[in-house]
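Q: I have a two-chain model open here. Can you walk me through a few points in it?

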Amino acid sequence: MRRAWLVVGRQQTSLSFRLDRRVPVWLLGLAGAALVASVLSVGVGEYPISSLDVIRAVLGLETGNPDHSFIVRTLRLPRVLVALGIGAALAVSGVIMQGLTRNPLASPELTGVTAGASLAAVVLLVATPAASVVALPWAALLGAVIAAGLVYLLSWRGDDSPLRLILVGIGLTSIIGALTTVMVTFGEIDDVARALVWLTGSVYGTSWEGLRALVPWMAVFLPAALILARHLDVLHLGEDVARGLGSRVELQRGLLLLTAAALVAATVTVAGTVGFVGLIAPHIARRLVGPSHEGVLPTAALTGSLIVVLADLLGRTLFAPVEIPCGVVTAVIGAPFFMYLLYRNRNN
Amino acid sequence: MTATSFHLTRSSPALSLGLVVALGVLLAVVIVSVLYGAADIGAATVWAALFSYDGSTEHLIIRTLRVPRALVAVLVGGSLAVAGAVMQGVTRNPMADPGLLGIEAGAALAVVAAVHFQGISSLAVYTWFALAGAALAAVVVYALGSAGRGGITPLKLTVSGAALTALLSSLTTGILLLDRRTLDEVCFWLAGSVAGRDLGLMLQALPLICVGLLGALLLGRKVTTLSLGEDVARGLGQRTAWVRAAAALVVVLLAGGAVALAGPVGFVGLVIPHAVRFFVGVNYRWILPYSALAGAIFLVLADVAGRLILRPQELPVGVMTALVGGPFFVYLVRWKVRR
Amino acid sequence: MGEICTERLTLAYDERAVVAGLDIVIPTGRVTALVGPNGCGKSTLLRGLARLLKPRGGSAYLDGRSIWRMPTRELARQLGILPQAPVAPEGLTVRDLVAQGRYPYHGWLNRWSEADEEAVARALDITGMVDLAHRPVDALSGGQRQRAWIAMALAQETKVLLLDEPTTYLDMHHQLEVLHLLRRLNREEGRTVVLVVHNLNHAARYSDHVVALSDGKVVAAGTPQEVVTSEVLREVFGVEAHILSDPDTGVPLCIPYALCENSNVRAPSMDSFAAPHTGHIHV
């Protein structure tokens, strides 16, 4: 009988896991696509640079033009790397939230978690305008965790009701949004346009400093998500089944939620609220590799990276020289997708 | 099922008297709204500004800023509350609200798009675009919410409205970022505020809102019947399709007119009908006039509070209504809706 | 091995005690059926035995050890539970679902071994799901779906299997399919099976031991012949019934024909039928 799974490292007892056969193929494909999109994205701009020269400049080779190295490595590369990073982080937190709530509509922005993170970040910025980029994610994490806890407490009534969770999230988002407006008014953040860009999510003008703020969080919490994947698989079957299988439900749920909140917090502080990536990417990943989370998590991460890089690229080229923040692009794509999901789940 | 229980069946005389009382309260809060503001102006001066105008700065402030502001709040609050009440009755959805269901976002996008593409800068034309946008959004959200088994359900309709709102408002943001001129043009309007509207704009929207209010009051009895359910209403001989169409027109007129005046202001249409129903029961002949008065009172008070809380800063009235309405919405979802 | 008993077990939801001070022994290596009217506490008891519900007092014991003192994974290797009407995530294949049954055997890094592979293959084989292994669970018929879930519980390789109304929502054919499978598991593999069933005739036919519960208390326990009697039916369900004997197997068959005059069976609680006038919105 043909094995249905790809089992890695089965001889040693120390490390072994099982993957859907489709996973490696798609991971390779998506990684390749994300790489191509990144190279294209670095090349596009007021000063176009050919793909070959982009690659040369990134690798530190001579391109024949002394400006290339500066434009690519200092100006454009960090932006694309941040786009890759927040895409992956948002997608993974979306996978976790959808798995935990067994709700195909759950995602950080629809449940108010993103809004909570940005409120906390705005509060910190207003309270101490000199707050460093390193402190921001911690404030955002606190906000995200509080929002996640609230939405969970307020929507849980001993049953799984996907729509109730979303509705509580909507209500919470509008309250938090109003509070954010209060803070912006109070803090006299006078440049309306700039505040608007940040609140709608953009990787505009990201420097290496932003990337450095993002990387430690990704380095801790993306592997954490992978390690927790098998618990997520079991929780995805429902609370009772998970308990019956010996899962310590409260502990696992808490760890997973913390992971999702931390990833969202890191993205919010670097790029604001880039919406709907956490909703779309998990669905695409599940379509590609089936619902087992050990496969879905990395696949969704790469899908998310690809989406954000492409959204940023589109936002810069569609109406050039005017830039549309990638958050607007993802929302314009994501909201109809959300409606489609609603339509598909209409009979549940 | 339409929502809140009512424990009291009040007699018509009592309810009529209540309307008079509510009217008195409205008058009182309007006076308060005119009296309080950034500049300290005494009651006597206010009185003089209204009845023996002498052209001084203080009189000018009262006449061109404070009075229009209070009147705009009255109009917008009243029409949003009535629009919400009609929507809740007709769709039997306790969570219906022109803001939550994307109708206000539709009106806002239409206005912003008009300013951007047509270069329209006259506030007067805002009204018509707002109406068109509201109508389009209403049709889309109704179609989305009624797809699938079981037809239109409160949860489906509300979530569809949220999705539509997300789409429309991101498009609005996109346009605003594309076009700095449009942003400057509509920025003050888009925040959902009743400040800085002149009487001319108000007069523009006034006929629409009046027609909408009149239509709503005439529909009252039919909405009560329809709120018992489509089948029951048909069984009682109602031509439900016509009632629905008329109700939709009323909602579009009221919500479109309100948005044209004040920009998107959320949750008034959600909160007020519930509060009103608690006092007057389930008969829409009474719910609708009470909603109009209560909505007006609520928005005037919200505006006054927005001016006082962070003095000298002003909070847009849309923020105030969201701070009150958001928790109420969560309460409805959490404790009042069962699957 | 695999003996379950309870001692003064008290189970409650919020403030309402559903089972109070219950002592019960489940015979090892047999099929036990829990029967009783709606709200009598049979599902609650099962949840208490499986550690899904924390007791207010007393405890349940597995082989003499309190289940609340055992590490979760160890318990999950000895006792499997299939809750009522579980729902599989969209697109999950039968094989993937059954593989989840191996969860209690995995650690941080070693997540799949030869033993896991064999357990899954065996579970699929016993339940006759080999040919359907690649199909998504949500695309199966009700009976096949229930078999897939039972296969998952089997892959857990536990001595004890608890099932909460495994035949609910199934038609007659699929009900028998599931009950046959459960009895075969007991007869061929010697597993202790405890199930909650509504149909008394099914309980009598497919179990060795029947426990009749009413209002959280055991009214009768024993062989089907001892429990399925007119007296017990009157007391537990509040119905008058003829008891016949199955011509093939000799197990009792009941045919209810009337309600008791002075039934002490309480009417189903009205909480579960909240009417619109309570102010709740039914969606």
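Q: Is A:Arg79 buried or exposed, and why?
A: A:Arg79 counts as buried because 24 other C-beta atoms lie within 10 Å. The cut-offs are 20 or more for buried, 12 or fewer for exposed and partly exposed in between, with C-beta atoms placed from the backbone. This is a predicted model, in which local features need pLDDT of at least 70, side-chain atom pairs count only at pLDDT 80 or more, and totals for chains, interfaces and linings use all residues. Residues are numbered from 1 along each chain as its sequence is written, while chains are lettered from A and ligands numbered from 1 in the order in which they are written.

Q: Where does A:Arg79 lie?
A: In helix α3 of chain A, residues 66–101. Helices here are DSSP runs of H or I with at least four residues, numbered from the N terminus.

Q: What does A:Arg79 touch, leaving aside neighbours within four places in sequence?
A: A:Val203 and A:Thr206. Contact means C-beta atoms, placed from the backbone, within 7 Å.

Q: How confident is the predictor in chain A?
A: Mean pLDDT, the predictor's confidence in each residue from 0 to 100, is 84 for chain A, and 88% of its residues reach 70 or more.

Q: Where is confidence lowest in chain A?
A: In helix α7(A), residues 192–200, at a mean of 60. The highest is helix α13(A), residues 293–317, at 94. Where pLDDT is low, the predicted coordinates should not be read in detail.

Q: Switching to chain B. How do α3(B) and α11(B) cross?
A: Helix α3(B), residues 57–91, and helix α11(B), residues 268–280, have axes that come within 7 Å and cross at roughly 70 degrees. That makes the pair roughly perpendicular, a label for angles of 65 to 115 degrees. Axes are lines fitted to C-alpha atoms over the stretch in contact, and angles run from 0 to 180 degrees between N-to-C directions.

Q: Which residues of α11(B) meet α3(B)?
A: B:Val268, B:Gly269, B:Leu270, B:Ile272 and B:Pro273. On the α3(B) side, the residues include B:Gly77, B:Leu80 and B:Met87.

Q: And how many residues does each chain put into the contact between chains?
A: Chain B puts in 36 and chain A 39. On the chain B side, α6(B) gives the most, with 15 residues.

Q: What classes are on that side of chain B?
A: 23 nonpolar, nine polar and four charged. Ala, Val, Leu, Ile, Met, Phe, Trp, Tyr, Cys and Pro count as nonpolar, Asp, Glu, Lys and Arg as charged, and the others, Gly among them, as polar.

Notes. Helix = DSSP H or I, 4+ residues; strand = E, 2+ residues; numbered from the N terminus. Parallel < 35°, antiparallel > 145°, perpendicular 65-115°, else oblique. Contact = placed C-beta atoms within 7 Å.
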